[in-house]
Amino acid sequence: MTRLTVNGESRSIEASPDTPLLYVLRDELGLNAAKYGCGLGQCGACTVMVDGRAVFSCVTPVMLLEGRTVTTLEGLGTVEAPGPMQRAFIAEQAAQCGFCIPGMMMRAQALLNREPHATDEAIRAELQPHLCRCGTHMRILRAVRRAAEDMKPKTAEARTER
């Protein structure tokens with residue numbers, strides 16, 4: 001049995017140690033945002049965060065995750081209360097078919113967590129491993145920039161509004 005934290009909740013995983021994290025998330029935990037795309041870590045549809053870093057869950061065996069923290073798109077917010085990244089993608093209408101979007105959102109979240117003032121070049125470079133055929137690339141870029149703005153502390157603005 002493997003123990004890890006998924007979206008803030010301690011979980012005991014019963015799957016075989018060599019089972020890819022993607023299958024554990026989808027089949028054992030019922031978290032379906034991460035998608036099976038290529039199964040080779042080449043398309044990005046399965047991207048989640050492990051200890052704040054973007055990883056391809058389709059090629060990450062669960063045995064490597066003992067005691068670690070996994071965050072999926074479901075961990076960024078809910079339908080009723082979406083997080084900043086989710087709100088930004090909705091506002092910019094950045095999803096077309098939506099298949100690759102959860103992975104892109106997770107990689108973008110990991111980037112903004114470590115580099116809150118990421119440049120367009122940094123965002124593009126970070127999202128480069130993701131394959132998307134829909135053609136919403138400019139909306140995706142706008143959504144990540146919007147999320148970065150929404151995630152900035154609002155303390156200075158709050159002081160001037162008083």
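**Reading pockets, a sheet and a helix**

Biologist: How many residues in the lining of the largest pocket are nonpolar, polar and charged?

Modeller: The lining divides into eight nonpolar, three polar and one charged. Ala, Val, Leu, Ile, Met, Phe, Trp, Tyr, Cys and Pro count as nonpolar, Asp, Glu, Lys and Arg as charged, and the others, Gly among them, as polar. This is a predicted model, in which local features need pLDDT of at least 70 and side-chain atom pairs pLDDT 80 or more, while totals for chains, interfaces and linings use all residues. Residues are numbered from 1 along each chain as its sequence is written, and side-chain values use heavy atoms, without hydrogens and water.

Biologist: What is the volume of the largest pocket, and which element gives the most to its lining?

Modeller: Rolling a probe the size of a water molecule over the atoms shows where empty space is left. A pocket is an open set of points on a 1 Å grid over the protein atoms alone, where a 1.4 Å probe fits, with protein on both sides within 12 Å along at least five of seven lines; lining residues have an atom within 4 Å of a point. Volume is the space filled by probe spheres set on the points, which are joined across faces, edges and corners. Here the volume is about 250 Å³. Helix H2 (84-91) gives the most, three residues; H2 and H3 are the elements that give two or more. Among the lining residues are Phe-89, Ile-90 and Met-105.

Biologist: What is the order of the strands in the sheet?

Modeller: Helices (H or I, at least four residues) and strands (E, at least two) are DSSP runs, numbered from the N terminus; two strands pair if DSSP finds at least two bridges between them. The five strands form an open sheet with mixed pairing, in the order S2-S1-S5-S3-S4. S2 (9-13) and S4 (53-56) are at the edges with a single partner strand each, so one side of each has no neighbour in the sheet. S1 (residues 2-6) pairs with S2 in the antiparallel sense over five bridges; Val-6 has Glu-9 of S2 as its bridge partner.

Biologist: Which residues of helix H1 are buried, and what covers them?

Modeller: Buried means under 20% relative accessible area (1.4 Å probe, protein chains only); exposed is over 50%, partly exposed in between. In H1 (residues 21-28), Leu-21, Leu-22, Val-24 and Leu-25 are buried. Their cover includes S1, S2, S3 and S5, where contact means heavy atoms within 4.5 Å. Gly-30 follows H1, with a positive phi near 70 degrees.
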